[in-house]
Amino acid sequence: PDWLRAKLPAACELDGEFWGGRRQFLRTASIVRSGESGDNWNFITYMVFDALRDEDGFCLEERPFEERLDVARRICRAVKGEDLGGSVQALPMQRCRGRGHLEELFEAVRRGGGE
C-alpha cells in the first residue's frame, strides 16, 4: 500500500510477502487485495527476505545473498525506528545444515499450521 511504501526509502527495492499469521491466509489476502488502508493492516507484517536495491538505489542483484540480507535488515530496522511497529520485518533466517535439518524445519512448520 502507498502508506507503507511512503515509509520506505524511495530508492530501495525489497522482496518479501505480506504475512498475517498461521491459518490467516484468506484474511490476509482479502485485506491486501482490497487496497484499503486502516486498522485491518495492524496485524499484517511485510516479511522481507531480500533486498534488490539499497537505500540509494544501488543494484544488489549480483551481490552475495548475505550482503543483500544485511541491507534488508538495516532498512527494516530503520523503518521500525519510524514507528511503524512490526509492519516491516526482515524474515529470520538460518543456514541449513543438511537434508535432515531441512526436514526437521519443514516438519516444525507443518506442525505449526504452516504450508
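**Aromatic rings in a predicted model**

Tryptophan 41 counts as buried, because its relative accessibility is 6%. Ring pairs link Phe18, Trp41 and Tyr46 into a cluster. A pair of aromatic rings is described by the distance of the centres and the angle of the planes.

**The pair of phenylalanine 18 and tryptophan 41**

- Phenylalanine 18 and tryptophan 41 form an edge-to-face pair, with 5.2 Å from centre to centre and 75 degrees between the planes.
- This pair links distant parts of the chain, as the two residues are 23 residues apart.
- Phenylalanine 18 belongs to strand β1 (residues 13-19), whereas tryptophan 41 lies in the loop between α2 (25-34) and β2 (45-53).
- Phenylalanine 18 has a relative accessibility of 27% and therefore counts as partly exposed.

**The pair of phenylalanine 18 and tyrosine 46**

- The ring centres of phenylalanine 18 and tyrosine 46 are 5.2 Å apart and the planes stand at 45 degrees, so this pair is tilted.
- Distant parts of the chain are linked here too: phenylalanine 18 is in strand β1 and tyrosine 46 is in strand β2, 28 residues apart.
- Tyrosine 46 counts as buried because its relative accessibility, 12%, is under 20%.

**A charge over a ring**

- The charged end of arginine 27 sits over the ring of phenylalanine 43, at 3.9 Å from the centre of that ring.

Conventions
Residues numbered from 1 in each chain as written. Predicted model: local features only at pLDDT ≥ 70, side-chain atom pairs only at ≥ 80, totals over all residues. Heavy atoms only, no water. Phe/Tyr/Trp six-rings, centres within 6.5 Å; stacked < 30°, edge-to-face > 60°. Helix = DSSP H or I, 4+ residues; strand = E, 2+ residues; numbered from the N terminus. Buried < 20%, exposed > 50% of the residue type's maximum accessible area, 1.4 Å probe, protein only. Lys NZ or Arg CZ within 6 Å of the ring centre and 35° of its normal.
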